[in-house]
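Here is a short briefing on charged side chains and how they pair. Look at the structure first, then read on.

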Amino acid sequence: MPETEASRLRTEIQRLLQTIQGPIENRRLTVVDRILAGEDLVAVAQDVAVCPQTVRLWMRTLRLGGADALVAFQRTPREPLLIADAAGLRVLASRPENHRISRVIEALALLAEGRSSHDAGTRIGLAPVTVRRWLKIFRDSGFEGLRADRKREAGFANASKLTTDQKQELAELIKAEPHMSRTTLWSTVRRRYGVAYSLSGLLRLAREDLGYQSAARQ
């Protein structure tokens, strides 16, 4: 975007930020203003826990219609990723026989409410790709498939821990970038060391043993 156009849009945004009271509209304006100021779109999206695709849609709306169009932005309702009774799923999650997959069922309930996999993953502390994998397993094999998957993953995770040298190396990476996002940390460990941790398990290790301090859900 030309610098003059970006400057004009930022002026519009600052004008509206002084009058707009709604937190949703305020967040949209603040996010696009940061990007117009030169920040990376994906980094900003992670910082505010919004899907990058949504932020790109906001930027397109801004370019086509200006800041006023962004304030009035209404996303076309979409069909939930899972057609199911969200309340009924949460009842099932509370049953003792489902304790191993209770968080999985909560993710499915969020999808049934119309949440995206990114939003559902952010709310329960897991990567969106994990939520999408659970959804596929549930569609293919139901609850039995989910129970079998969780059992396999638990066994793999228990057998695939970081070595002392790997922990030391990861601690140095965290020291160099102490506010690395949760998903970046998780994908780095998975890619670099081939080790399978749940996001919550990795965060617990990173905070207790490796000096990881970030509390933002990114």
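E106 is partly exposed, with a relative accessible area of 24%. (Buried means under 20% relative accessible area, exposed over 50%, and partly exposed in between, with a 1.4 Å probe and protein chains only.) This is a predicted model, in which local features need pLDDT of at least 70 and side-chain atom pairs count only at pLDDT 80 or more, while totals for chains, interfaces and linings use all residues. Residues are numbered from 1 along each chain as its sequence is written, and side-chain values use heavy atoms, leaving out hydrogens and water.

**Salt bridges of R90**

- E106 and R90 join their side chains in a salt bridge, 3.0 Å from N to O. The term means a side-chain nitrogen of Lys or Arg within 4 Å of a carboxyl oxygen of Asp or Glu.
- E106 sits in helix α6 (residues 102–112) and R90 in helix α5 (residues 86–93), so this pair ties together parts 16 residues apart in sequence. Helices are DSSP runs of H or I with at least four residues, numbered from the N terminus.
- R90 is partly exposed, at a relative accessible area of 28%.
- E113 also forms a salt bridge with R90, with the closest N and O atoms 2.7 Å apart.
- That pair links distant parts of the chain: E113 is in the loop between α6 and α7 (117–124), R90 is in helix α5, and they are 23 residues apart.
- E113 is partly exposed too, with a relative accessible area of 42%.

**Other salt bridges**

- R34 and E39 pair their side chains in a salt bridge of 2.9 Å, N to O.
- R34 is partly exposed at 22% relative accessible area, and E39 is partly exposed at 37%.
- The structure holds 14 salt bridges.
- Side chains of opposite charge can pair when their charged atoms come close.

**R28, a buried charge**

- Where does R28 lie? R28 is in helix α2 (residues 23–36).
- R28 is buried but has no salt bridge. E25, the nearest side chain of opposite charge, is 4.9 Å away. Lys and Arg count as positive, Asp and Glu as negative; His and the chain ends are not counted.
- A polar atom of the R28 side chain lies 3.3 Å from the backbone oxygen of V71.
- Neighbours within four places in sequence aside, R28 is in contact (heavy atoms within 4.5 Å) with W58, L70, V71 and F73.

Methods:
Helices (H or I, at least four residues) and strands (E, at least two) are DSSP runs, numbered from the N terminus. A polar contact is a pair of N or O atoms within 3.5 Å; within protein, one must be able to donate a hydrogen and the other to accept it, and residues adjacent in sequence count only if both atoms are side-chain atoms.
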